[in-house]
Amino acid sequence: MPRVFACTVIDVRVPQNTSRSLLPYLQQASIHYTILISDLQKAIENQTGQRASRHRRSLPAYNYEVYHSLEEIEEWMYYLNKTHSDLVHMFSVGKSYEGRPLFVLKLGKRSRPYKKAVWIDCGIHAREWIGPAFCQWFVKEALQTYQTDPAMKKMLTQLYFYVMPVFNVDGYHYSWTNDRFWRKTRSKNSRFWCYGVDANRNWKVKWCDEGASLHPCDDTYCGPFPESEPEVKAVAHFLRKHRKQIKAYLSFHAYAQMLLYPYSYKYATIPNFSCVESAAYNAVNALQSAYGVRYRYGPASSTLYVSSGSSMDWAYKNGIPYAFAFELRDTGHFGFLLPETLIRPTCTETMLAVKNITFHLLKKCH
């Protein structure tokens with residue numbers, strides 16, 4: 001994968017037989033380039049191959065520093081539901097297009113009848129594997145440090161956390177079995193041979209406006225109508241039903257190293273900007289304190305790009321006051337193929353940001 005430097009930086013994936021003719025052309029045209037990954041296939045196989053030899057499946061000693069298939073993640077969820085029934089309740093919010101259950105883990109001490117809650121989802125885009133890895137890490141940290149970390153004890157005593165480790169289950173499974181760079185869901189379009197909808201363009205908020213595509217073959221296809229995807233419909237239904245309880249919505253993506261908040265679909269300031277902005281500022285500083293990694297933060301439209309029909313904007317528009325989208329590591333060197341050696345540092349620093357946002361939530365912001 002050469003990186004081409006021009007006015008903008010472009011990452012290009014080049015078939016092996018084409019690279020011999022492309023590189024001389026770039027040199028001739030005085031276009032500067034850097035080869036980021038010399039053998040993409042090998043890099044993919046390093047993450048998906050030889051699974052058994054790395055003891056991924058041993059549940060009591062589950063390895064949080066490797067990527068896991070959907071089947072392994074679901075086995076892990078069942079296991080935690082059985083072994084940590086005092087803090088974990090596993091349930092399904094619906095079924096995917098291909099009929100897979102959409103599992104969520106509810107974390108928290110049943111200390112009182114009503115508690116505020118935080119929603120966390122990962123893997124809305126299939127190829128962003130570090131997302132589900134973080135959701136699993138968050139659950140691990142919650143369960144392993146509840147007794148020893150006063151901050152975690154306070155979080156789980158005063159709040160519930162709804163954690164959805166893999167939002168786009170069909171797409172995630174497909175990214176393991178067929179196409180590592182698959183992004184969308186796996187629904188079939190009746191008029192085209194193209195599969196899938198961008199699950200982060202399918203929400204009923206400025207649906208299919210700027211930053212989304214009407215063409216079913218595009219990566220940002222918004223779908224035939226809002227909530228056409230059963231995964232989006234199921235989560236939207238759950239969030240609507242619990243909107244009075246849920247005070248924060250956190251969605252984990254990759255890659256860019258950013259912490260984004262509304263609006264995504266327009267350049268405008270949200271009504272509770274000062275509270276949200278201070279939460280983001282403090283979260284980014286907390287994250288940086290771990291390894292010195294600096295995240296950019298701000299409204300998604302001006303910090304990343306304008307996009308319509310996103311889950312974050314929808315959550316905010318439906319009364320959830322703190323709605324954030326994290327774009328985790330890195331900034332493009334490895335991109336979606338973030339090495340497993342970077343799971344621990346990425347999750348450790350992100351954990352600090354999430355805890356920071358949670359405590360901001362527990363304090364009254366005026």
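**Exercise 1. Contacts of Lys355**

Lys355 touches Asp149, Ala151, Met152 and Met155, leaving aside residues up to four places away in sequence. The model behind this exercise is predicted.

Solution. 
- Step 1. Recall the cut-off. Buried means under 20% relative accessible area.

**Exercise 2. Helix 8 against helix 11**

Task: work out how helix 8 and helix 11 are oriented to each other, and state which hand their crossing has.

Solution. 
- Step 1. Know what to look for. Two packed helices are described by the angle and the distance between their axes.
- Step 2. Take the values. Helix 8 covers residues 273–291. Its axis and that of helix 11 come within 8 Å and cross at roughly 150°.
- Step 3. Classify the angle. Angles over 145 degrees count as roughly antiparallel. Helix 8 and helix 11 are therefore roughly antiparallel to each other.
- Step 4. The crossing of helix 8 and helix 11 is right-handed.
- Step 5. Look at the residues. Helix 8 contributes residues including Cys275, Ala279, Ala283 and Leu287. Helix 11 contributes residues including Pro345, Leu352, Asn356 and His360.
- Step 6. Sort by class. The contact of helix 8 with helix 11 has eleven nonpolar, seven polar and one charged residues.

**Exercise 3. Helix 3 against helix 6**

Task: classify the packing of helix 3 and helix 6.

Solution. 
- Step 1. Take the values. Helix 3 (residues 70–83) packs on helix 6 (residues 169–177) at about 125°, and the axes are 9 Å apart.
- Step 2. Classify. Helix 3 and helix 6 are therefore oblique to each other.
- Step 3. Name the contact. Leu70, Glu71 and Ile73 of helix 3 meet Val169, Tyr172 and His173 of helix 6.
- Step 4. Sort the residues. The contact of helix 3 with helix 6 has four nonpolar, one polar and one charged.

**Exercise 4. Strand 8 and its neighbours**

Task: describe the pairing of strand 8 with strand 6 and with strand 11.

Solution. 
- Step 1. Start with cover. Strand 8 spans residues 246–254, and eight of its nine residues are buried.
- Step 2. Turn to strand 6 (residues 116–122). Strand 6 pairs with strand 8 in the parallel sense over six bridges. Ile120 stands opposite Leu250 in strand 8.
- Step 3. Turn to strand 11 (residues 322–328). Seven bridges join strand 11 to strand 8, and the two run parallel. Tyr249 has Ala323 as its bridge partner in strand 11.
- Step 4. Follow strand 11 onward. Strand 9 (residues 258–261) joins strand 11 by three bridges and runs antiparallel to strand 11. Here Met258 has Glu327 of strand 11 as its bridge partner.

**Exercise 5. Back to helix 11**

Solution.

Key. Residues numbered from 1 in each chain as written. Predicted model: local features only at pLDDT ≥ 70, side-chain atom pairs only at ≥ 80, totals over all residues. Heavy atoms only, no water. Buried < 20%, exposed > 50% of the residue type's maximum accessible area, 1.4 Å probe, protein only. Helix = DSSP H or I, 4+ residues; strand = E, 2+ residues; numbered from the N terminus. Pairing = 2+ DSSP bridges. Contact = heavy atoms within 4.5 Å. Axes fitted to C-alpha atoms, helices over the stretch in contact; angles between N-to-C directions. Parallel < 35°, antiparallel > 145°, perpendicular 65-115°, else oblique. Left-handed = near helix turned anticlockwise from the far one by under 90°. Nonpolar A, V, L, I, M, F, W, Y, C, P; charged D, E, K, R; others polar.
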